[in-house]
Amino acid sequence: MASQTQQPPHLRLAEITATQFIEIWKHFDMDGNGYIEGKELENFFKELETARRGAGVDPSHAAFKEKMKEFMAKFDKNADGRIEMSELAQILPTEENFLLCFREFVGSSSEFMAAWRRYDTDRSGYIESNELKGFLSDLLKRANRNYDEKKLNEYTQTILKMFDLNGDGKLGLSEMARLLPVEENFLMKFQGIRLTVKEFDSLFTLYDQDGNGYIDEQELDALLKDLCDKNKMDVDSTGVGGYKKSIMALSDGGKLYRTELEIVLCRDSAL
């Protein structure tokens, strides 16, 4: 978390490196909650306007507030009044924009879940640093980006710095999903209803109606509809279908075992 006494990083409008991107992010996301908002957002826009104009700006001026309103209308894709990491990637011209490379490789949440399954090779519920390196290598190849070992290591370390908040060298599913476009990050929809292990066990047992140890697509459909209804989530049948498709991408031949569903719905997973 950046200190308020630190000088802001120079917001150059030329290409910045992945490392510079994360330095800028961490400076302005001062409380480390994953968003640039409130006073952080005003400070960010002030520095951005200063970089563009080559001169200082007055945040109290009506013209500044109007420009900031236009800026948010353009870049705040989900209109929640704050900027998240994937939105910042659209604003700052990052070298070989590695966040946008990610989008080219994994454009939807179902593709993301399928990629997660490929690279979480030990089914731990996490991508560890060595698995992450393979994930990013494949990403860059698919996006037709040239890279060397040094650049790959830099990208791997940058992603870890972004999301490995406890420094254990591994990333959880919900952390990695923050790289997805806002509208595709279905995991954000479940943030308010993440279950305890006990609640999850009861739910899984209830919907594993035949007791075979896994949930199939029909059982998952019923589970998600009930979960959305009980928590008054405003989701139509199309939305539920999208969630189901994304989660089933984690399944083993149509069989969704307890561990796969647990990493999506359980807030204190025992994995």
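Modeller: Happy to. A term to begin with: pLDDT is the predictor's confidence in each residue, from 0 to 100. Helices (H or I, at least four residues) and strands (E, at least two) are DSSP runs, numbered from the N terminus. This is a predicted model, where local features need pLDDT of at least 70 and side-chain atom pairs count only at pLDDT 80 or more, while totals for chains, interfaces and linings use all residues. Residues are numbered from 1 along each chain as its sequence is written, and side-chain values use heavy atoms, with hydrogens and water left out.

Colleague: Where in the chain is confidence lowest, and where is it highest?

Modeller: Helix H5 (residues 98-105) is lowest, with a mean of 61, and strand E5 (residues 214-215) is highest, at 88. The average pLDDT for the chain is 75, and 73% of the residues score at least 70.

Colleague: And what about residues 1-5?

Modeller: Their pLDDT stays under 50. The model does give them eight contacts (heavy atoms within 4.5 Å) beyond four places in sequence. Where pLDDT is low, the predicted coordinates should not be read in detail.

Colleague: OK, new topic. Which residues touch the most other members of the largest nonpolar core?

Modeller: Phe71, Ile83, Leu223, Leu261 and Leu265, out of 63 residues in that core. Helix H8 (residues 149-163) supplies the largest share of this core, six residues. A nonpolar core here is a set of buried Ala, Val, Leu, Ile, Met, Phe, Trp, Tyr and Cys residues joined through side-chain atoms within 4.5 Å. Buried means under 20% relative accessible area, exposed over 50%, and partly exposed in between (1.4 Å probe, protein chains only).

Colleague: What does Leu261 touch?

Modeller: Leaving out residues up to four places away in sequence, Leu261 touches Phe200, Phe204, Ile215, Leu220, Leu223, Ile247 and Leu256.

Colleague: Two Phe there! How do the rings of Phe200 and Phe204 sit?

Modeller: They form a tilted aromatic pair, 6.0 Å centre to centre with 40 degrees between the planes. By the rule used, rings of Phe, Tyr and Trp (its six-membered ring) pair if their centres lie within 6.5 Å; planes under 30 degrees apart count as stacked, over 60 as edge-to-face and the rest as tilted. Phe200 and Phe204 are about one helical turn apart because they are four residues apart in helix H10 (residues 197-207). Phe200 counts as buried at 1% relative accessibility, and Phe204 does so at 2%.

Colleague: Let's switch to charges. How many salt bridges are there?

Modeller: Ten, searching the whole structure. The rule is a side-chain nitrogen of Lys or Arg within 4 Å of a carboxyl oxygen of Asp or Glu. One of them joins Asp252 and Arg117 (3.8 Å, N to O). That pair spans 135 residues, from the loop between helix H12 (237-248) and strand E6 (256-257) to helix H6.
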